[in-house]
Amino acid sequence: MDFAAVVVMEICYAIAVLVLISTGLAVIFGMMRVINLAHGEFLTLGGYAAIMSNQAGLNIYLSILVAAPLAAAIFGFLVERLIVRFLYGRLINTMLATWGLSLAMIGGFSMIFGNTTTGITTPISGFAVGKYQISGYNLFVIAIAALVIGGVYLILKISRAGLVARGAMQNPEMAQAFGYNTSRVYMFTFVAGSALAGLAGGVMAPLVGINPAAGAAYIAKAFITVISGGTAVISGTLASAGLFGFVSQTFTFLATPVVGEIALLFAAVVLLRLLPTGITGRFLKDKV
Amino acid sequence: MSVNRRKVLKGAAATTAVLAMPSIIRAEETIKLGSILDTSGIFDLYGKPMDKAVDMAIDEINSAGGVAGRQVEKVAYDTQSDMALYTQYGQRLARQDKVDVVHGGILSASREAIRPTLRKNKVLYFYNVQYEGGVCDRNIFCTGITPAQQAEVLVPAAMEKWGKKVYVLAADYNYGQITAKWIQHYAKQAGGEVVQVDFFPLDVADFGSTIAKIQDAAPDMIMSVLVGGAHLSFYRQWAAAGMNTKIPMASTTMGAGNEQVVLTKEEGDGIMLAYSFSKQLETPANQGFLERWKTRYGATDDVHELAVATYQGVHLWAEGARKAGSVERDDVIAALEGGAAFDGPTGRISIDPKTHHATFDVHLVEVKDQKMAVQKTFVQRPPVDTQTVCNLEENPNDTTQYEIDI
């Protein structure tokens with residue numbers, strides 16, 4: 001019974017991690033059709049921001065929840081203004097540009113922080129479920145993921161800014177005719193996506209430790225989640241993260257982490273073969 | 001090529017300078033020591049301090065009068081963490097630079113890339129790195145620590161302290177698999193059992209389910225053979241779950257790249273290790289070595305097991321050459337097989353003639369406040385793993401790397 005609770009908890013945690021690392025990418029890709037290949041490095045940037053500000057004496061929760069997304073947002077703003085905004089609508093070009101950016105960022109991190117792994121201690125101690133000990137920080141990760149996905153949903157669905165953003169993405173000319181500055185809207189969306197990536201990096205930093213190439217470990221999973229989810233930012237990310245998190249953890253428990261990873265990739269291949277436009281390309285079509 | 005006045009003058013000046021030098025330091029008179037290490041790229045954490053160690057050892061040898069009255073000169077190549085470059089630079093060292101000895105190689109793959117070339121060209125080769133053991137080749141000396149040398153002292157000591165049920169976590173490549181076998185071997189010998197062995201690819205960074213599985217198995221202790229930056233997450237997640245105070249851990253790999261400094265005090269404290277080197281080894285030789293390193297490079301933060309093994313490897317070669325009175329390959333091999341030894345930071349190091357691996361002191365250490373506190377010293381441990389498969393006295397033409405079957 002206790003073991004079942006632990007397994008459920010680990011599955012929720014795996015789903016939460018997928019949601020966290022892919023929401024930023026989903027916002028940028030799902031809404032703007034820009035593939036940000038530097039997404040992993042945005043995560044790394046958030047991680048470094050959290051670690052550095054914590055080492056400089058900032059409260060750990062402020063480091064993770066404020067410093068990390070803020071640093072990534074500022075950097076995302078610069079990237080959007082200096083690079084990405086010239087390339088909207090040119091999918092291949094944005095991929096090339098952001099790939100170059102990711103290489104440059106890895107190089108930059110190595111120069112600034114050195115080619116080593118740095119980390120901080122998790123702020124929450126473990127607790128017992130029956131005879132099992134569970135990481136309290138895992139619960140924190142799950143809570144943050146829930147808040148993030150709920151927050152993005154509310155903003156897109158209820159707020160005026162969300163409505164304008166969705167309108168500008170669907171029909172830029174019409175939005176412009178109504179007097180909205182679409183270039184502005186794109187900018188804010190990109191910055192928001194970057195901030196979410198930074199937040200994910202900050203939240204993951206105490207668990208995995210950050211090195212200059214740490215983003216590479218997440219980029220593939222984030223992309224698989226987003227592509228399999230399809231165009232709907234919230235329901236797509238939730239559906240695919242739920243599916244893949246469940247599959248990978250179940251197989252990890254039954255066999256080993258290797259089998260878990262294989263199962264995840266296999267599930268993705270089968271899913272994209274059957275639903276080439278992603279889960280929300282077929283189901284939940286008119287959802288956010 | 002155009003010849004102008006400036007070039008002629010430059011050339012003439014250089015020639016005069018060379019002629020004016022005392023004969024002892026003229027290029028053709030010096031002994032060439034080839035060094036081939038990854039001093040950039042993803043393995044530079046290991047390679048850079050090793051390169052510093054080579055420089056320091058050479059300078060010490062030279063200021064003590066060199067070898068056989070000749071000074072030693074370093075010919076170094078940076079292989080940039082790229083295995084293909086090892087083949088290329090290995091060829092260059094042997095054929096073009098015609099060096100007298102080569103020290104270097106970090107990963108086993110890099111060693112295997114240059115070992116055949118150096119043997120064919122009759123260039124003596126020193127591989128000074130902790131590795132999985134089993135290389136049997138008269139042209140090479142492996143001076144690093146091998147799995148059995150660690151497991152032999154670590155497993156019984158940890159089991160005596162903590163209990164008989166062992167859970168092994170290992171990196172999924174040959175080093176991890178071979179070391180896991182040795183751990184099982186010594187656990188059985190000490191009357192205990194290994195309840196489970198889990199292997200992890202080098203990029204796995206999420207150990208949540210593993211931690212739950214370990215608790216399900218309820219072992220008395222964990223043996224970690226995890227390797228690299230991603231696996232470092234295990235120690236963090238283990239501590240985050242509060243398990244570090246519940247189930248104790250020993251490791252053959254943690255600390256080789258100074259991981260105890262990367263992890264916080266709470267995450268690292270209490271982990272038991274076995275190495276030939278520890279900064280906290282309070283012998284005059286070790287403290288003197290660290291003092292010299294500090295004077296030369298400013299700080300000793302980057303000194304690790306591999307750097308010290310490299311430092312001792314270069315000195316050991318010099319001792320062999322001094323004893324032989326020459327740097328000819330066969331003379332040096334004979335001298336080292338005949339018992340030439342070096343008293344270095346970790347204690348005395350000498351060569352086991354049957355395997356061309358090293359015999360040295362192994363220290364049982366415990367991580368405390370991000371330091372490796374020495375608990376006990378096991379003097380002069382021979383390379384027992386390679387000894388089970390390799391006998392160069394009987395088969396001098398052997399070149400195999402054996403997979404040791406226990």
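B:Gly34 stands opposite B:Val102 in strand β3 of chain B. This is a predicted model, in which local features need pLDDT of at least 70 and side-chain atom pairs count only at pLDDT 80 or more, while totals for chains, interfaces and linings use all residues. Residues are numbered from 1 along each chain as its sequence is written, and chains are lettered from A and ligands numbered from 1 in the order in which they are written.

Strands of chain B
- Strand β1 (residues 31-37) pairs with β3(B) in the parallel sense over four bridges, where pairing requires that DSSP finds at least two bridges between two strands.
- Strands are DSSP runs of E with at least two residues and helices are runs of H or I with at least four, numbered from the N terminus.
- β3(B) is also joined by three bridges to the parallel strand β4 (residues 124-127) of chain B, and there B:His103 stands opposite B:Phe126.
- From β3 (residues 101-104), B:Val101 and B:His103 point one way and B:Val102 and B:Gly104 the other, and all are buried, that is, 20 or more other C-beta atoms, placed from the backbone, lie within 10 Å of their own.

Domains of chain B
- Chain B is divided into domain 1 (31-145 + 283-361 + 383-387) and domain 2 (148-275), with bounds that come from an automatic or database domain assignment.
- The centres of these two domains, taken over C-alpha atoms, are separated by 29 Å.

Helix α4 of chain A
- Among the buried residues of α4(A) are A:Thr94, A:Ser102 and A:Phe109.
- Just after α4(A), A:Gly114 takes a positive phi of about 80°.

Notes. Buried ≥ 20, exposed ≤ 12 C-beta atoms within 10 Å, placed from the backbone.
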